[in-house]
Structures are given as C-alpha cells and as structure tokens.
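Subject: Structure for you to look at

Dear colleague,

Here is the structure I said I would pass on. Please open it first; my notes on what was found follow below.

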Amino acid sequence: MLNLDTSIEKINKVGKVTAKKLNKLSIKKAQDLLEYYPFRYEDYSKTVKIADLQPGAKANVRGIVEIIQNRRTPRQRMMVTEAIIKDETEQLKVVWFNQPYIGRTLKEGDFVSLAGEIKADFAGVPMTSPQYEKIFNNQATHTAGLVPMYNLTAGLTNKQLRFLIKSIISLADKIDDILPNELQEKYKLINLQKAIYNIHFPKSPEILEQAKRRLKFDELFLVQLASQVLKSKVKGQKAEEIKFYEKETKKFVDNLPFKLTDAQKKASWEILQDIEKDRPMSRLLEGDVGSGKTVTVALAMLNVALNKKQSALLVPTEILASQHFETLCKFFKNSGIKVGLLTRSSRKINNSKLVSSSSKGGDETKKNFLKLIKDGKLDIIIGTH
C-alpha cells in the first residue's frame with residue numbers, strides 16, 4: 001500500500017528511468033511529488049464550440065475524431081499527424097508535428113478533449129500541436145480547467161507529472177497539518193490537505209488563490225518559527241563582554257582623515273553597546289557603497305583588540321578582502337594593532353610583503369600564518385567566506 005514515504009519508483013507507471021529523471025528534481029518519495037508545486041497554469045476553463053473559435057485565443061475543444069492519419073512531408077521528410085475533429089457545430093483541422101504515436105493512440109470515433117492556441121491559415125482555423133486526451137466519464141485532467149505546468153527536466157513532460165500526481169493525490173489526506181485550527185480560523189485559511197489538492201488540480205481560480213495563500217502562509221510561518229527558535233537558542237548562549245574603551249576610541253575617531261556622520265556615530269554606538277553585553281550580538285549593518293560601514297566596524301574591532309581579543313572580517317572575494325585590508329591598515333597605522341590578510345593567494349601582515357601560496361615554501365608560510373592567528377598574535381584577520 002502506498003504511503004507518503006513510498007519510494008518514487010514503486011509508484012505505478014514509474015520505472016527506473018523515469019525515477020532517475022524525477023530524482024533530478026529532488027523527487028524521491030511520494031510526499032516529494034505532492035509537494036512539487038506548479039509554477040504557472042494554462043487556463044482552459046472554458047470549453048468552446050468549434051464554430052465559435054477565434055484565431056489567437058487559447059481554448060478547450062471537445063469532439064469526435066472523424067479522420068486521423070500520419071503522413072511524411074515530401075521536402076523536409078517530417079512526420080505530420082493530421083486529424084479532423086467534429087462537434088455538433090462544425091469541423092476542426094488539427095495538426096501535430098513529429099509525434100506519429102498520436103496517430104496510433106487516437107482512433108476514429110474517439111471522444112477527445114483538445115487544448116491549445118487557435119491559428120488562422122488558408123485552410124480554415126486549425127489547432128497546431130495541442131494538448132490532447134481521450135475523455136471518459138466527461139473527466140479531463142490535461143486539457144480542461146486550470147491546467148498546472150511544472151518545472152521539468154530532460155525527457156519528462158507535464159503530462160507525465162500530472163498523471164503521477166493525480167494517481168497519488170489522495171495521499172494528501174495523510175500529510176499532517178502544522179497549523180492549529182485557531183490559526184486557520186483567525187487568518188481565514190483552508191486546511192493543508194485542501195490546499196495541496198487545489199494547488200495541483202484547482203476547481204476554480206478562487207480556490208486556487210486560497211490554496212496559494214495557505215501554502216505561502218505556511219512558508220512564511222516556518223521561516224518565522226525557525227527564526228524564533230534560533231533567537232531563543234542565541235539568548236541562552238553566553239558571550240564574552242567587550243569593555244568599551246572611551247578614551248582610546250575617541251582618539252581613534254579624532255585621528256581619522258574625515259569626520260564621522262551622525263548615522264555612523266549612531267550605528268557604532270549601538271554596536272559598542274551590544275558587544276558589552278554577555279550574550280551574542282546579532283545585527284545587520286546596512287548601507288550603500290561608500291556610506292562608511294567599514295569604519296563603523298573598525299570601531300568595534302578596535303575595542304575587541306583593546307580587550308585582548310580577535311576579530312575576523314569575511315568578504316565574498318579576494319579583491320574585496322585586499323581592499324578592506326588596505327583600508328584597515330591605514331585606520332590602525334601606528335596603533336600597534338596587528339592586521340592580517342589570509343586568502344588563497346595572499347598572506348600579509350600590516351602591509352608587509354605579499355607572499356604567494358604558489359611560491360616555494362608557500363605551504364609553510366600558511367602554516368606559520370595560521371599559528372600566529374591561533375597564538376593570538378594577530379588582532380584582526382581578513383579573509384574570504
């Protein structure tokens with residue numbers, strides 16, 4: 001019996017080849033398939049009579065296959081499948097290219113549903129390469145209503161995904177709803193099971209919006225919940241208190257080649273107050289390029305160094321690391337604070353000669369550099385993520 005943890009290859013009609021394709025989409029079990037949501041929908045909610053079709057419109061048409069045949073074009077040798085579909089109002093010419101299996105799948109007399117764009121040509125108003133399916137009990141999955149479209153990988157089709165999801169959609173009832181009933185009622189949300197049903201096979205645009213809203217709420221709710229759990233853990237942690245050295249900080253600021261802005265002073269003071277506490281600081285310092293983030297951070301690192309502790313400044317690239325190194329060396333010139341640069345290609349201490357890891361003795365230099373850090377001989381270390 002299928003359950004949410006059933007391996008994807010054990011689902012009916014999924015062989016090893018298809019399973020490998022699904023694995024590329026991180027779909028490895030039944031629940032993964034249910035939680036693989038569409039990224040858009042084709043609207044074939046209105047079934048149109050053939051006589052009422054308009055060029056340029058997307059439409060769903062239903063009728064009987066009167067004629068269907070495969071033929072090869074004389075010049076390009078392309079296989080073309082042509083069909084005539086008839087409803088109670090008119091006939092419709094339909095063409096598929098390089099899909100000869102359609103001519104073997106559909107037979108004269110089949111009741112079919114087609115969905116696609118109507119194009120005008122000299123022969124009338126044909127449908128070119130539409131989605132198709134045989135109709136039984138007046139039910140359609142791929143060509144009627146709001147049809148889900150999924151991100152795919154090579155060799156996998158939307159039709160396959162819809163078929164597989166449809167075959168296990170009842171398992172949605174087994175997924176635990178994480179939201180308490182009172183929250184669902186407070187925010188007027190549908191339950192999770194209903195949302196999963198209707199994100200894949202919506203009965204109407206209205207219920208689709210409700211499904212989207214519920215799933216988006218869950219995503220944001222889990223992000224917020226994880227954030228609160230993390231904050232709770234952080235509050236329980238201890239950090240070393242970094243004493244504020246007012247006299248030395250004032251001297252550092254007075255020796256800068258520019259005057260701090262009010263925003264820089266405010267941000268620096270908040271950071272200095274934070275690191276005086278016995279719990280870890282969690283803070284985002286935001287500002288445009290050139291707004292003075294580095295000098296704000298330098299004030300904090302100065303006080304860390306005066307407390308006989310170390311600071312690390314990590315940036316995305318080696319170029320940016322070198323730029324920050326040069327800036328901080330200027331800030332702390334003649335202060336006695338040791339600033340080190342450690343990247344894949346550079347080892348520097350207070351603008352001493354660059355040492356390349358590719359030169360002779362590079363590995364030994366790195367080892368010695370790391371020992372200086374470990375022994376507390378460097379106050380500030382700059383590197384890459």
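Two strands are taken to pair if DSSP finds at least two bridges between them. With that in hand, K86 stands opposite Q91 in strand 4. Strand 3 (residues 79-86) and strand 4 (residues 91-97) run antiparallel and are joined by seven bridges. Please keep in mind throughout that this is a predicted model.

The chain as a whole

The chain holds twelve helices and twelve strands. Its radius of gyration is 33 Å, well over the 21 Å that the globule rule gives for 385 residues, so the chain is more spread out than a compact globule. The C-alpha trace spans about 95 × 60 × 45 Å along its principal axes. Of the 385 residues, 38% count as buried. Among contacts between residues at least 6 apart in sequence, 60% join residues at least 24 apart.

One pair of residues gives a sense of the distances. K330 and A83 are 247 residues apart in sequence, and their C-alpha atoms are 79 Å apart in space. K330 is found in helix 11 (residues 318-331) and counts as exposed, at 64% relative accessibility.

Strand 12 (residues 380-384) has partners elsewhere in the chain. With strand 9 (residues 311-315) it pairs in the parallel sense over five bridges, and S311 stands opposite I380 of strand 12. With strand 10 (residues 339-342) the pairing is also parallel, over three bridges, and here V339 is the residue opposite I380. Strand 12 is mostly covered: four of its five residues are buried.

In soluble globular proteins, nonpolar side chains tend to be buried together. In this model the largest nonpolar core has 33 residues, and L22, L33 and L34 have the most contacts inside it. The elements that give two or more residues to this core are helix 1 (16-24), helix 2 (30-34), helix 4, helix 6 (192-200) and helix 7 (205-235). A second, separate core has 22 residues, including A298, A321, L328 and I382.

What does L22 touch, leaving aside its neighbours within four places in sequence? The residues in contact with L22 are I8, V14, I27, L156, L161 and L164.

Helix 7

Helix 7 has 31 residues and reaches 45 Å from its first C-alpha to its last, close to the 45 Å expected at 1.5 Å a residue. Its buried residues are I207, L208, A211, R214, L215 and D218. Among the elements that cover them are strand 1 (40-44), strand 8 (145-149), helix 5 (181-186) and helix 6.

Single residues to look at

Is N158 buried or exposed? Residues under 20% relative accessible area are called buried, and N158 counts as buried because its relative accessibility is 11%. N158 lies in helix 4 (residues 158-168). Apart from neighbours within four places in sequence, N158 is in contact with P148, M149, Y150 and L152.

R347, in strand 11 (residues 347-349), is another buried residue, at 6% relative accessibility. A polar atom of the R347 side chain lies 2.5 Å from the backbone oxygen of T343.

For K13 the angle is about 75 degrees, and for N334 about 65 degrees. K13 lies in the segment before helix 1 and counts as exposed at 62% relative accessibility. N334 sits in the loop between helix 11 and strand 10; its relative accessible area is 76%, so N334 is exposed.

Regards

Notes
Residues numbered from 1 in each chain as written. Predicted model: local features only at pLDDT ≥ 70, side-chain atom pairs only at ≥ 80, totals over all residues. Heavy atoms only, no water. Buried < 20%, exposed > 50% of the residue type's maximum accessible area, 1.4 Å probe, protein only. Contact = heavy atoms within 4.5 Å. Polar contact = N/O pair within 3.5 Å; in protein donor to acceptor, adjacent residues only side chain to side chain. Core = buried A, V, L, I, M, F, W, Y, C linked by side-chain atoms within 4.5 Å. Expected span 1.5 Å × (residues − 1). Rg over C-alpha atoms; globule rule 2.2 N^0.38 Å.
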